[in-house]
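This briefing covers the nonpolar core and the backbone geometry of the model shown here. Selected residues are placed in their structural context under each heading.

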Amino acid sequence: GAVPGNEDQLRPMLFAGALGFKCFLIDSGVPEFGHLDEAGLTIALQTLNGTGAPLLVHAELSGPIEEARPRGPKRTYRHYLESRPDAAEISAIELVVRKCEETGGRAHIVHLSAAGGLAVIRAARKRGLAISAETTPHYLHFESENVPDGATEYKCAPPIRDAENRERLWAGLHEGVIELIVSDHSPCTPGLKKLETGDFMAAWGGIASLQLVLPVVWTEARRRGYGLPILSEWLSHAPADLAGLHGRKGKLAAGYDADLVVWDPEATLVPAPSMIAHRHKLTPYLGETLRGVVIDTYLRGEPVFHEGLISEASGRWLRGRNE
């Protein structure tokens with residue numbers, strides 16, 4: 001993390017094996033992960049300039065959120081959605097663009113939710129600025145119109161927005177303004193989700209999705225006429241490229257790690273708690289009908305998953321651009 005006052009530690013951490021740094025421009029909700037103000041953002045970008053490592057930015061500013069006047073009870077999704085307006089994202093992206101221009105630094109917008117930010121990113125890239133963006137399965141699959149009141153398993157920040165916004169995100173992927181899709185996996189204990197009250201404002205913000213990224217994205221991509229090659233680009237090659245793992249991860253090619261998935265793209269899947277592999281089974285994807293069932297997974301050529309059974313695997317520290 002890039003937090004207030006740790007700029008002198010960023011380069012040493014980078015050369016010790018870090019692949020990049022995450023920062024917030026708004027209260028993260030985690031006391032030990034402080035957010036950067038405008039000056040802190042400038043310093044972080046300046047510090048990383050020339051290293052090739054990206055500064056990953058949670059792009060929301062507090063001003064538009066403080067000015068928001070959400071309507072209705074706090075257990076309604078409408079109240080939560082109106083409390084995190086898209087202006088908070090767009091103004092934050094505009095700030096990041098200005099700072100990239102001033103410093104020559106490289107920034108990556110994480111979990112883009114507001115499609116209104118696409119125009120800002122597009123214009124910045126046309127000017128040659130080093131700025132990229134990602135989005136997530138939940139922004140590409142769900143729509144705010146159908147989020148039930150009190151269903152805090154859908155809460156994330158920035159929030160899931162409406163169907164029209166979702167289609168504009170798909171258009172951003174098609175155009176290449178959004179380069180990759182990531183899980184933004186953020187599980188928590190059920191108690192933190194405030195299920196007993198359904199209070200969106202008090203609940204933990206985060207969606208558990210890592211296990212279901214492939215079927216969720218394939219379901220929606222297939223529906224819109226996309227094929228497997230672009231899916232591999234969004235989910236494998238582009239993330240590996242962002243992390244600086246060139247020549248090792250993200251492709252089926254000679255010399256790359258044999259990280260493979262064997263799956264049936266035509267089979268259907270209805271997630272249930274019994275098949276969720278992470279500790280707490282709460283996820284908004286329960287009961288959704290998805291397309292694409294994973295049968296086997298291989299890590300560096302070794303089987304680690306087969307038909308629902310997980311093998312013990314030997315993890316390895318991945319060092320990228322500074323190895």
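Helices and strands are DSSP runs numbered from the N terminus, a strand having at least two residues and a helix at least four. On that basis, Arg300 lies in the loop between strand S7 (290-299) and strand S8 (302-306). The model is predicted, and the points below concern its largest nonpolar core, a cis peptide bond and positive phi values at Lys194 and Arg300.

**Nonpolar core**

- The largest nonpolar core has 66 residues, of which Leu55, Val96 and Ile109 touch the most other members.
- Helix H5 (residues 86-103) gives the most to this core, contributing seven residues.
- Leaving aside residues up to four places away in sequence, Val96 touches Leu25, Leu41, Val57, Ala107, Ile109 and Ile131.
- In soluble globular proteins, nonpolar side chains tend to be buried together.

**Cis peptide bond**

- Ala157 and Pro158 are joined by a cis peptide bond, with omega about -5°.
- Pro158 is located in the loop between helix H7 (137-141) and helix H8 (163-175).

**Positive phi at Lys194**

- Lys194, a residue other than glycine, has a positive phi near 55°.
- The loop between strand S5 (180-181) and helix H9 (213-223) contains Lys194.
- Lys194 has a relative accessible area of 30% and is therefore partly exposed.

**Positive phi at Arg300**

- Arg300, also a residue other than glycine, has a positive phi near 50°.
- With a relative accessible area of 23%, Arg300 is partly exposed, because that class lies between the 20% and 50% cut-offs.

Conventions. Residues are numbered from 1 along each chain as its sequence is written. This is a predicted model: local features need pLDDT of at least 70, side-chain atom pairs count only at pLDDT 80 or more; totals for chains, interfaces and linings use all residues. Side-chain values use heavy atoms; hydrogens and water are left out. A nonpolar core is a set of buried Ala, Val, Leu, Ile, Met, Phe, Trp, Tyr and Cys residues joined through side-chain atoms within 4.5 Å. Buried means under 20% relative accessible area, exposed over 50%, partly exposed in between (1.4 Å probe, protein chains only). Contact means heavy atoms within 4.5 Å.
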